[in-house]
There are 2 protein chains.
Amino acid sequence: MKEKGLLIVLSGPSGVGKGTVRKALFEQENTQFEYSISITTRPPREGEVDGVDYFFKTREEFERLIKEGKLLEYAEYVGNYYGTPVDYVKETMDAGKDVVLEIEVQGAKQVREKFPDGLFIFLAPPSLEELKNRIVSRGTETEELIINRLEEAKKEIEMMDLYDYVVVNDQVELACERIKAIVKAEHCRRERVAKMYKKMLEGEK
Amino acid sequence: MKEKGLLIVLSGPSGVGKGTVRKALFEQENTQFEYSISITTRPPREGEVDGVDYFFKTREEFERLIKEGKLLEYAEYVGNYYGTPVDYVKETMDAGKDVVLEIEVQGAKQVREKFPDGLFIFLAPPSLEELKNRIVSRGTETEELIINRLEEAKKEIEMMDLYDYVVVNDQVELACERIKAIVKAEHCRRERVAKMYKKMLEGEK
């Protein structure tokens with residue numbers, strides 16, 4: 001009757017500050033999440049520790065993991081592979097712990113296919129919110145800046161469709177508070193809670 | 001492009017402590033909810049203030065409100081009417097504020113029919129959680145107490161089906177924290193947020 005942990009996918013457009021928010025989330029004392037460390041073929045930078053920052057692997061090792069279906073998602077950036085080990089994620093969830101992935105939008109798509117019940121959080125740039133406020137306040141006047149920004153905004157808004165929640169990263173601390181609230185709320189969802197109680201009743205029949 | 005407020009319905013079996021949790025929720029400093037004061041035909045008790053604790057009305061006045069469709073929900077208990085004025089709820093939501101109703105399970109059903117998009121929170125007795133723990137820990141042994149409690153538990157669990165969230169009222173403070181997290185999360189739901197951004201784009205076409 002133990003509750004299974006949640007899979008929390010934190011993603012968003014590049015440059016939005018996913019890494020900063022994720023780090024802040026794990027630096028807080030009362031955080032009860034587990035972080036899924038990524039695997040990469042890029043060489044360690046100074047100060048980076050294997051098994052803490054990344055699991056560092058060779059290309060051959062990484063490609064074997066792909067073939068063996070050991071990766072929940074992976075992508076190649078500027079000649080290096082990055083991926084999420086599936087076993088760790090599954091084991092953590094089975095142990096009743098919530099696990100956080102901080103990944104790119106393309107990776108999030110792959111995870112959604114495999115874990116449709118995951119909790120998908122889109123980190124949105126504050127510039128999107130600023131753009132909205134600007135449009136509201138300026139009236140009918142049109143500026144070049146807004147026009148250029150609108151094209152990018154359109155893409156960002158389309159990206160959101162895959163996600164359950166949108167968290168604006170206006171301030172790292174506020175973004176963390178919102179993410180923690182989302183996770184807490186998710187644990188109170190009636191489907192989850194009622195399922196546990198119903199199991200209890202069935203066990204008693 | 002102003003976001004509409006949420007309708008938050010706090011309900012649960014009688015005796016679960018809805019009133020206590022609701023009061024604690026509004027005593028906190030940073031609460032941004034509005035509380036919908038109920039209308040009743042029962043006479044004011046000592047210290048109760050009209051327009052603060054309840055709106056006190058005569059039976060004739062109350063029955064006129066029913067006829068005129070001015071009540072979001074109502075019920076009769078031991079000869080007295082209790083109801084929720086619909087205008088206040090609508091106006092508060094339109095002003096972008098979240099409004100909380102603390103009502104009985106029967107009333108919550110009526111509200112769900114009129115506001116299917118409301119945020120329905122079921123406050124569950126800690127005895128349900130205790131029962132679950134007891135069943136898990138005791139193994140196969142059966143006690144009369146558990147059998148009696150199971151019938152009641154079954155009803156409580158069936159009641160949950162109407163709700164979006166279940167909050168166990170083990171400690172008033174913890175229950176309040178969960179409710180606040182649920183409301184915060186709800187404001188980050190992709191459907192709500194993306195809708196606002198899409199409106200922004202449409203306004204620019």
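Helix α1(A) passes helix α7(A) in a right-handed crossing, a crossing being right-handed if the near helix is turned clockwise from the far one by less than a right angle, and left-handed if anticlockwise. Helices here are DSSP runs (H or I, at least four residues), strands are DSSP runs (E, at least two), and both are numbered from the N terminus. The model is predicted: local features need pLDDT of at least 70 and side-chain atom pairs count only at pLDDT 80 or more, whereas totals for chains, interfaces and linings use all residues. Residues are numbered from 1 along each chain as its sequence is written, and chains are lettered from A and ligands numbered from 1 in the order in which they are written.

Two packed helices are described by the angle between their axes and the distance between the axes. Axes are lines fitted to C-alpha atoms, for helices over the stretch in contact, and angles run from 0 to 180 degrees between N-to-C directions. The table gives these values for two pairs.

| Helix pair | Angle | Axis distance |
|---|---|---|
| α1(A) (residues 18-27) and α7(A) | about 65° | 9 Å |
| α7(A) (residues 172-187) and α7(B) (residues 172-187) | about 110° | 8 Å |

Helices α1(A) and α7(A) are therefore roughly perpendicular to each other. Angles of 65 to 115 degrees count as roughly perpendicular, those under 35 as roughly parallel, those over 145 as roughly antiparallel and the rest as oblique. The residues that α1(A) brings to the contact are A:T20, A:V21, A:A24 and A:L25, and they meet A:V172, A:A175, A:C176 and A:I179 of α7(A). Two residues are in contact if their C-beta atoms, placed from the backbone, lie within 7 Å. By class, this contact of α1(A) with α7(A) has seven nonpolar residues, one polar and no charged. In this classification Ala, Val, Leu, Ile, Met, Phe, Trp, Tyr, Cys and Pro count as nonpolar, Asp, Glu, Lys and Arg as charged, and the others, Gly among them, as polar.

Helix α7(A) also packs against α7(B). These two helices are therefore roughly perpendicular to each other, and α7(A) passes α7(B) in a left-handed crossing. On the side of α7(A) the contact is made by A:R178, A:A181, A:I182, A:K184 and A:A185, and on the side of α7(B) by B:R178, B:A181, B:I182, B:K184 and B:A185. Six of the residues in this contact of α7(A) with α7(B) are nonpolar and four are charged, with no polar residues.

## The interface and its symmetry

The contact between the chains takes 31 residues from chain A and 32 residues from chain B. On the side of chain B that touches chain A, the elements giving two or more residues are α5 (126-138), α6 (144-159), β9 (165-168), α7 and α8 (190-204). The largest share, nine residues, comes from α8(B). The residues on this side of chain B comprise 22 nonpolar, one polar and nine charged.

Chain B is superposed on chain A by a rotation of 180° with 0.0 Å of shift along its axis (RMSD 0.0 Å). The two copies are thus related as by a two-fold rotation axis. Superposition is by least squares on the C-alpha atoms of residues with pLDDT of at least 70 in both copies. Of the residues of chain B, B:A181 comes closest to the rotation axis, at 2.1 Å (C-alpha). Of the interface residues of chain B, 97% are also interface residues in chain A, so the copies meet through the same surface.

## Chain A as a whole, and individual residues

Chain A has eight helices and nine strands, and its C-alpha trace spans about 65 × 50 × 30 Å along its principal axes. Buried residues make up 33% of its 205 residues. A residue is buried if 20 or more other C-beta atoms, placed from the backbone, lie within 10 Å of its own, exposed if 12 or fewer, and partly exposed in between.

In helix α6 of chain B, B:E156 is buried, with 20 other C-beta atoms within 10 Å. Residues up to four places away in sequence aside, B:E156 touches B:P13, B:A124 and B:L128. In helix α7 of chain B, B:K180 is partly exposed, with 19 other C-beta atoms within 10 Å.
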